[in-house]
Amino acid sequence: MTDLREVITDADFEAWRSVRLAILPGERTATVEELKAMDRPGRLMLLAEQDGDLVGHGVASRSDLAGRGSVTPRVLPPFRRRGIGTEMLRVLIAHTEAQGYPRVSSLVEDDGSLAFAQRFGFAEVDRQIEQLRAIGAEPMPPTPPGVEIVTVAQRPSLWAAAYRQVGFEAVKDMAVVSPLQVTLEQWESEWINTPEATFLAMAGADVVGLASLHLDSDVPHRAEQGFTAVHRDWRGRGIASTLKRMTLWWAAEHGISEVYTWTQNGNENMRRLNEHLGFRNGAWSIDVVAPLPLAAFIAAGR
């Protein structure tokens, strides 16, 4: 019998983190404080236990992609193929249906997870590719004409300005299958992790570009290169390349040996830029979607 219980205490959050770290050791896992800051109405985080042993975790929430909910059931490898994932998915789906979403999505990272999702009616709609870059001697790049590069640590108030002047429109340009919805509150709590490694390109008083690193306290020698964007009127001037090179320079200066980033299908310009900067392609993450209610659970009498 699987015991599913809601994540409430700091110890629960740490247990939830431990499952993700075990299953996705190559990806950054949010800290306890970051997970708490991500809380939003309708979000449900679960721990799965059997005979007192932690065997998996799950989360159901509003997707950042418009018009859908999101669910993620994960089971630790030694406990798979025992029905735990199915039981957890059933609870997460019921919670998502209660929020009124017509569709539900999930991200899967391996063939077994993809086959599990397909069994319940999920179908692949998009992919992201991980791109990785070893850090060596990284010179500080020259600044393009007409701009100044500053960090958010130097000018904290500019992060909200970056959302209004660059991020809000740039998010609309992302190559995703459904419009991405990012509020200012999310931008300030989830889209920045290291102000001193978050670089902004300034044209006078205006933010015209941004790029950042997200540090990983669990794997300090690796960092994730975050959202890179340039104002539409300033594209094609080498700003994105300069900002990305600034993050690589900062990584070298602070003992980081590898940087990685995720790039969506359809964002060929960014993928080519990353390859030009020496990134190599790595793993895939697959976006799968299903209509609600799930036909498989209806057929089984839920």
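This is a predicted model: local features need pLDDT of at least 70, side-chain atom pairs count only at pLDDT 80 or more; totals for chains, interfaces and linings use all residues.
How many nonpolar, polar and charged residues are in the lining of the second largest pocket? The lining has 15 nonpolar, seven polar and seven charged residues.

β4, α3, β5 and α4 each provide at least two lining residues. Of the contributors, α4 gives the most, with six residues.

## Nonpolar cores

The largest nonpolar core has 29 residues, and the members that touch the most others are Val71, Ile93, Phe122 and Leu294. At least two residues of this core come from each of α1 (10–23), β2 (44–50), β3 (53–62), β4 (69–75), α3 (84–98), β5 (103–108), α4 (111–119) and β13 (280–291). The most come from α3, which gives five residues. Another core, of 27 residues, lies apart from this one; Ala197, Val208, Ile256 and Val259 are among its members.

Leu294 can be followed in more detail. With neighbours within four places in sequence set aside, Leu294 is in contact with Leu89, Ile93, Glu97, Phe120 and Phe122.

## Aromatic pairs

The model has seven aromatic pairs. In one of them, the ring centres of Trp159 and Trp187 are 4.5 Å apart and the planes meet at 15°, so the pair counts as stacked, the limit being under 30 degrees.

The relative accessible area of Trp187 is 0%, and Trp191, at 16% relative accessibility, counts as buried because the cut-off is under 20%. One aromatic cluster takes in Trp159, Tyr163, Phe168, Trp187, Trp191 and Phe227.

Are Ser217 and Thr228 buried or exposed? Ser217 sits in the loop between β9 (206–215) and β10 (222–225). Its relative accessibility is 58%, so Ser217 counts as exposed, the threshold being over 50%. Ser217 and Thr31 are separated by 186 residues in sequence, but their C-alpha atoms are 8.1 Å apart in space.

Thr228 is placed in the loop between β10 and β11 (229–230). With a relative accessible area of 10%, Thr228 is buried. Neighbours within four places in sequence aside, Thr228 is in contact with Leu210, Ala211, Ala240, Lys244 and Met270.

## Backbone details

Most residues other than glycine have a negative phi, and most peptide bonds are trans. Which residues are joined by a cis peptide bond? Leu292 and Pro293 are, with omega at about 0°. Pro293 is in the loop between β13 and α9 (295–299).

Asp51 and Arg81 both have a positive phi without being glycine. For Asp51 the value is near 50°, and the residue is found in the loop between β2 and β3. Asp51 has 81% relative accessibility and so counts as exposed. For Arg81 phi is about 65°, and this residue lies in the loop between β4 and α3. Arg81 also counts as exposed, because its relative accessibility is 86%.

Key:
Residues are numbered from 1 along each chain as its sequence is written. Side-chain values use heavy atoms; hydrogens and water are left out. A nonpolar core is a set of buried Ala, Val, Leu, Ile, Met, Phe, Trp, Tyr and Cys residues joined through side-chain atoms within 4.5 Å. Buried means under 20% relative accessible area, exposed over 50%, partly exposed in between (1.4 Å probe, protein chains only). Helices (H or I, at least four residues) and strands (E, at least two) are DSSP runs, numbered from the N terminus. Contact means heavy atoms within 4.5 Å. Ala, Val, Leu, Ile, Met, Phe, Trp, Tyr, Cys and Pro count as nonpolar, Asp, Glu, Lys and Arg as charged, and the others, Gly among them, as polar. Rings of Phe, Tyr and Trp (its six-membered ring) pair if their centres lie within 6.5 Å; planes under 30 degrees apart count as stacked, over 60 as edge-to-face and the rest as tilted.
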